[in-house]
Amino acid sequence: MSKPRSGTPEVPRITSVPEPLSDEVARRTRRYLIQMGIRIVCFIGAVATWGRVPGWISWLLIAGAVVLPYIAVILANAGRERPDDAVPLMTPRALGSGADGDRTGEDGRRD
């Protein structure tokens with residue numbers, strides 16, 4: 001395999017392309033709805049088992065119904081993760097160089 005020339009930009013690999021935003025939103029929405037479904041089951045289970053089973057089971061279901069919305073919102077709002085091997089989109093310039101190639105001094109004034 002030949003080495004790319006120094007002047008040509010590197011072609012991005014398909015494995016480094018992020019998931020499409022619409023797919024990510026759909027996945028996060030589906031996960032949120034599943035968690036809210038579990039919350040509803042916990043709440044209905046707590047009401048249905050109150051006084052019929054040991055009290056700690058009902059209290060555990062109530063705790064699940066109270067805590068799950070917080071966890072679901074945190075996970076649903078978790079944004080896109082930036083890849084560690086992200087290629088910078090531009091090369092940073094030194095602060096001392098002007099836009100037209102003029103040199104500036106330490107105090108920011110042009111020579």
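Visitor: Why is leucine 61 called partly exposed?

Guide: Leucine 61 has a relative accessible area of 23%. Buried means under 20%, exposed over 50%, and partly exposed in between, with a 1.4 Å probe and protein chains only. Because 23% falls in between, leucine 61 is called partly exposed. This is a predicted model, in which local features need pLDDT of at least 70 and side-chain atom pairs count only at pLDDT 80 or more, while totals for chains, interfaces and linings use all residues. Residues are numbered from 1 along each chain as its sequence is written, and side-chain values use heavy atoms, leaving out hydrogens and water.

Visitor: Where is leucine 61 found, and what is leucine 61 in contact with?

Guide: Leucine 61 is in helix H2. Helices are DSSP runs of H or I with at least four residues, strands are runs of E with at least two, and both are numbered from the N terminus. Contact means heavy atoms within 4.5 Å. Apart from neighbours within four places in sequence, leucine 61 has contacts with Cys42, Gly45, Ala46 and Thr49.

Visitor: How many helices and strands does the protein chain have?

Guide: The protein chain has two helices and zero strands. H2 covers residues 55–77, and H1 covers residues 21–49.

Visitor: What makes the reach of H1 close to the expected one?

Guide: The expected span is 1.5 Å times one less than the number of residues. H1 has 29 residues, for which 42 Å is expected, and H1 reaches 42 Å from its first C-alpha to its last.

Visitor: Why is glutamine 35 counted as buried?

Guide: Its relative accessibility is 14%, which is under 20%, so glutamine 35 counts as buried. Glutamine 35 lies in H1, and beyond its neighbours within four places in sequence, glutamine 35 is in contact with Leu68, Ala72 and Leu75. The buried residues of H1 pack against H2; among them are Gln35, Met36 and Cys42.

Visitor: How do you know that arginine 28 and glutamate 24 form a salt bridge?

Guide: A salt bridge is a side-chain nitrogen of Lys or Arg within 4 Å of a carboxyl oxygen of Asp or Glu. The closest N and O atoms of arginine 28 and glutamate 24 are 3.3 Å apart, so the pair qualifies. Both residues lie in H1, four residues apart, about one turn of the helix. Arginine 28 and glutamate 24 are both buried. A search of the whole structure finds one salt bridge.

Visitor: Why is the aromatic pair called edge-to-face?

Guide: The structure holds one aromatic pair. This pair is tryptophan 50 with tryptophan 59, at 5.4 Å centre to centre and 70° between the planes. Rings of Phe, Tyr and Trp (its six-membered ring) pair if their centres lie within 6.5 Å; planes under 30 degrees apart count as stacked, over 60 as edge-to-face, and the rest as tilted. The distance is within the limit and the angle is over 60, so the pair is edge-to-face.
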